[in-house]
Amino acid sequence: MSESRDSISVERVIPAPPEAIFALLADPRRHHDIDGSGSVREASNCPDRLSLGARFTVAMKLGIPYTMVNEVTEFEDGRRIAWQPRPAARLGRAFGGRVWRYELEPTDGGTRVRESWDISQEKMKTIVRPARKRTRVAMAQTLERIEALATTTS
């Protein structure tokens with residue numbers, strides 16, 4: 001696990017092949033299943049499988065419901081995927097910019113999965129930074145969920 005002022009990462013070795021894990025990450029309809037925060041609801045307007053530049057909309061709820069439009073900004077099939085969410089409303093121009101990134105590395109015993117939350121491009125960092133501790137916990141729970149799903153389908 002690493003941490004800086006504008007990013008945090010958690011990692012876990014999951015006893016599953018990278019392809020099984022990446023399949024979960026590249027299917028936006030499965031993000032509700034892997035989300036450890038409990039805020040992701042339902043994906044819509046999305047391809048069956050993500051690729052570089054793909055966009056998808058996610059209904060969210062953190063106290064109140066809202067919608068985020070995500071764009072895949074990094075993509076290396078089976079190894080790396082990242083997306084940048086922005087609010088769907090007009091506020092999207094004033095807020096957003098964080099990046100969710102997953103990096104997969106084959107290793108003894110399975111795949112090392114690193115999830116990162118990078119707010120270096122966030123427009124409202126002072127509002128988002130206080131969520132670091134809660135986000136780190138949710139990320140660890142996400143990796144637990146990914147492991148549970150990837151090991152039952154591999």
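Which residues have the most contacts inside the largest nonpolar core? In this predicted model, the residues with the most contacts inside that core, which has 32 residues, are I21, L25, I81, Y102 and I146. The surroundings of one of them, L25, can be described in detail: when residues up to four places away in sequence are not counted, L25 touches H31, I34, L50, I81, W83, Y102, L104 and I146. Among these partners of L25 are I81, Y102 and I146, each of which is also listed with the most contacts inside the largest nonpolar core.

The secondary structure of the protein comprises 4 helices and 8 strands, and these elements follow one another along the sequence in the pattern β-β-α-α-β-β-β-β-β-β-α-α. The radius of gyration of the protein is 15 Å, close to the 15 Å given by the globule rule for 154 residues, so the protein is as compact as a globular protein of that length. Along the principal axes, the C-alpha atoms fill a box of roughly 45 × 35 × 25 Å.

Of the 154 residues, 44% count as buried, and of the contacts between residues at least 6 apart in sequence, 48% join residues that are at least 24 apart. The accessible surface of the protein comes to about 8,100 Å², and 50% of this area belongs to carbon and sulfur atoms.

How values were computed. Residues are numbered from 1 along each chain as its sequence is written. This is a predicted model: local features need pLDDT of at least 70, side-chain atom pairs count only at pLDDT 80 or more; totals for chains, interfaces and linings use all residues. Side-chain values use heavy atoms; hydrogens and water are left out. Helices (H or I, at least four residues) and strands (E, at least two) are DSSP runs, numbered from the N terminus. The radius of gyration is taken over C-alpha atoms; the globule rule is 2.2 Å times the number of residues to the power 0.38. Buried means under 20% relative accessible area, exposed over 50%, partly exposed in between (1.4 Å probe, protein chains only). Contact means heavy atoms within 4.5 Å. Accessible areas come from the Shrake-Rupley method with a 1.4 Å probe; for residues, only the protein chains shown count as cover. A nonpolar core is a set of buried Ala, Val, Leu, Ile, Met, Phe, Trp, Tyr and Cys residues joined through side-chain atoms within 4.5 Å.
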